[in-house]
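This briefing covers charged contacts, an aromatic pair and surface patches. The sequence and structure come next.

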Amino acid sequence: MSYSKEDVAPELVNGVLVDLSEEQKESVANSWNSPPQQPYTQERANAYPPIGDQLDAILKHVNYRRTQGDELVQDLDDIIAAWLAVKSQYPKP
């Protein structure tokens with residue numbers, strides 16, 4: 001699908017619809033038709049370890065720091081407590 005300036009809707013500014021200039025509409029349509037500017041982003045996303053593995057590693061480290069006496073903000077302390085409760089409820093075989 002290809003977009004043209006006729007596909008560009010007015011912009012909402014302070015609750016009021018404002019028409020863009022013809023040049024602005026053309027620029028927006030051209031940007032929609034252009035390939036992504038950063039092709040490496042999808043490659044990186046596919047190459048990173050799964051998010052669950054990343055979070056598990058971070059939580060293990062934060063919990064280690066907590067056991068060493070480091071003080072955590074309450075929200076993070078609550079997340080660690082919930083994470084440990086799940087691990088306790090569903091232990092590895």
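With which residue does Glu22 form a salt bridge? The partner is Lys25, and the closest N and O atoms of the two are 4.0 Å apart. The model is predicted: local features need pLDDT of at least 70, side-chain atom pairs count only at pLDDT 80 or more, and totals for chains, interfaces and linings use all residues. Residues are numbered from 1 along each chain as its sequence is written, and side-chain values use heavy atoms, with hydrogens and water left out.

**Salt bridges**

- The whole structure holds five salt bridges, the term meaning a side-chain nitrogen of Lys or Arg within 4 Å of a carboxyl oxygen of Asp or Glu.
- Glu22 and Lys25 are three residues apart in helix 1, so about one helical turn separates them; helices (H or I, at least four residues) and strands (E, at least two) are DSSP runs, numbered from the N terminus.
- Lys25 counts as buried at 16% relative accessibility, whereas Glu22 is partly exposed at 42%; buried means under 20% relative accessible area, exposed over 50%, and partly exposed in between (1.4 Å probe, protein chains only).
- Arg65 and Asp70 form a salt bridge through their side chains, at 2.7 Å from N to O.
- Arg65 is partly exposed at 38% relative accessibility, and Asp70 is partly exposed with a relative accessible area of 29%.
- A further salt bridge joins Arg66 and Asp77, with an N to O distance of 2.9 Å.
- This pair connects distant parts of the chain, with Arg66 in helix 3 (residues 51-67) and Asp77 in helix 4 (residues 74-89), eleven residues apart.
- Arg66 is partly exposed at 28% relative accessible area, and Asp77 is partly exposed at 25%.
- Salt bridges also link Asp56, Lys60 and Lys87 into a network.

**Aromatic pair**

- One aromatic pair is counted, under a rule that pairs rings of Phe, Tyr and Trp (its six-membered ring) if their centres lie within 6.5 Å, with planes under 30 degrees apart stacked, over 60 edge-to-face and the rest tilted.
- The pair is Tyr3 and Trp32, whose ring centres are 5.2 Å apart and whose planes stand at 75°, so it is edge-to-face.
- Because Tyr3 lies in the segment before strand 1 and Trp32 in helix 1 (residues 22-33), the pair ties together parts that are 29 residues apart in sequence.
- Tyr3 is partly exposed, with a relative accessible area of 33%, and Trp32 is partly exposed at 43%.

**Surface patches**

- Patches are made of residues with over 30% relative accessible area and no salt bridge; like charges are joined within 9 Å, and nonpolar side chains (Val, Leu, Ile, Met, Phe, Trp, Tyr) within 5 Å.
- Accessible areas come from the Shrake-Rupley method with a 1.4 Å probe, and for residues only the protein chains shown count as cover.
- Met1, Tyr3 and Trp32 make a nonpolar surface patch of about 400 Å².
- Glu6, Asp7, Glu23 and Glu26 form a negative surface patch; Asp and Glu count as negative and Lys and Arg as positive, while His and the chain ends are not counted.
- The place of a charge is taken as NZ of Lys, CZ of Arg, CG of Asp or CD of Glu.
- Within the negative patch, Asp7 sits in the segment before strand 1 (11-13) and is partly exposed, with a relative accessible area of 39%.
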